[in-house]
Amino acid sequence: MNQEIKQNKISMIFEVIMFLMFVLVTILLFSKLNEDYYISKAGEENLLYSYEDKSDVTLQNKSYVKKIKEEYGINVNYGNDFDSMLERVSAIAQTDEFIINNNLKILYLALKKYPSDVFDITKSKKYPISIVLVSRFTNDNLALASRNSLNEVRIFVSNNSSFERAFHHEMYHALEYYMSDNKKYIFASWYSLNPPNFKYENNVSMLNNEYVYAKDLFSKKLKDGTVYEDSLKDDEKTDTSCVNDELYFENPYFVTKYSKTSEKEDRAEIFAELMMQEKKEPYLQEGQHILKKAKLLTNTLEQNVSNNNFYYNKFLN
């Protein structure tokens with residue numbers, strides 16, 4: 001009997017010990033899981049905080065603005081401080097620091113495509129240039145340039161997929177302001193490079209694709225083995241054909257339909273296309289009408305702004 005009682009006590013003690021060990025293990029496991037959870041949450045919160053914290057991006061934006069001012073003599077503005085000015089040009093302020101950051105990076109690299117002495121006119125304050133980053137225009141504009149009586153030029157550029165191209169287009173307008181003020185009729189021969197009897201049309205809704213370069217169609221003709229000999233025989237002739245029922249000009253006069261609104265827009269569009277060039281386009285082959293316009297434009301820039309090469313000069317040779 002005593003032996004049986006003794007065994008029961010040992011059994012109870014063992015069960016208590018096992019129960020206590022189970023409780024201890026459970027507490028330790030729960031504590032570990034709880035600790036891992038909070039470490040994980042802390043990591044997530046830190047990562048989220050780092051992503052949402054705009055202070056670093058804001059500082060970087062200020063650094064870009066400072067570098068552009070120091071290297072090019074150009075002021076870059078953005079934000080709500082310019083609402084009254086933006087209202088006059090039908091634009092909405094850009095306040096998103098991350099979008100501004102992307103725009104500034106593109107702008108900084110775009111400015112490197114110009115000869116350094118181009119910016120003598122901005123650094124000397126003969127023609128001070130300001131660039132205003134905007135969210136969008138309430139009309140159909142992507143960008144625009146304006147000049148006041150003090151020759152202060154403002155270039156407004158919206159956040160869009162063609163941001164750099166739009167900037168180059170407006171930058172050309174600023175350069176032509178400067179050239180035209182210093183020398184009148186610098187493009188007196190421009191009209192002779194257009195089709196016979198052609199007239200510019202400032203009503204955009206009236207424009208068509210006649211004489212306009214069609215990149216996709218050019219590419220298709222090249223793949224089909226087409227050469228441009230026929231269009232080069234007669235300097236005044238522009239051969240046409242159809243590709244997928246679309247009008248195609250082997251020797252076009254304009255890089256875009258918008259080029260046909262005015263001679264100034266024609267030149268600005270050519271300049272913008274050249275500044276965005278990554279390879280030599282077919283319209284820059286010898287004998288092409290657009291090449292002749294590009295060379296006249298470039299020669300005029302060299303005579304009046306800079307005799308050093310622009311980014312695109314390598315494609316004109």
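Colleague: Which residue stands opposite Ile155 in E5?

Modeller: Ala145 does. Keep in mind that this is a predicted model.

Colleague: How many bridges join strand E4 to E5, and do they run parallel or antiparallel?

Modeller: Five bridges join E4, residues 143-147, to E5. The two strands run antiparallel.

Colleague: What do E4 and E5 form, and how many residues lie between them?

Modeller: They form a hairpin, with five residues between them. Asn151 sits in the turn and has a positive phi of about 65 degrees.

Colleague: What about E3, how many bridges join that strand to E5?

Modeller: Six. E3 covers residues 129-137, and E3 and E5 run parallel. In this pairing, Val132 stands opposite Phe156 in E5.

Colleague: Why is E5 largely enclosed?

Modeller: Five of its six residues are buried, so the rest of the structure largely encloses E5, residues 153-158.

Colleague: Switching to helices. Where do H2 and H4 lie in the chain, and at roughly what angle do their axes cross?

Modeller: H2 is residues 55-72 and H4 is residues 97-111. Their axes come within 9 Å and cross at roughly 25 degrees. Angles under 35 degrees count as roughly parallel, so H2 is roughly parallel to H4.

Colleague: Is the crossing left-handed or right-handed?

Modeller: H2 passes H4 in a left-handed crossing.

Colleague: Which residues make the contact?

Modeller: From H2, they include Val57, Tyr64 and Ile68. From H4, Phe98, Leu104 and Leu111 are among them.

Colleague: And by class, how many are nonpolar, polar and charged?

Modeller: The contact of H2 with H4 has eleven nonpolar residues, four polar and four charged.

Technical notes: Residues numbered from 1 in each chain as written. Predicted model: local features only at pLDDT ≥ 70, side-chain atom pairs only at ≥ 80, totals over all residues. Heavy atoms only, no water. Axes fitted to C-alpha atoms, helices over the stretch in contact; angles between N-to-C directions. Helix = DSSP H or I, 4+ residues; strand = E, 2+ residues; numbered from the N terminus. Parallel < 35°, antiparallel > 145°, perpendicular 65-115°, else oblique. Left-handed = near helix turned anticlockwise from the far one by under 90°. Contact = heavy atoms within 4.5 Å. Nonpolar A, V, L, I, M, F, W, Y, C, P; charged D, E, K, R; others polar. Buried < 20%, exposed > 50% of the residue type's maximum accessible area, 1.4 Å probe, protein only. Pairing = 2+ DSSP bridges.
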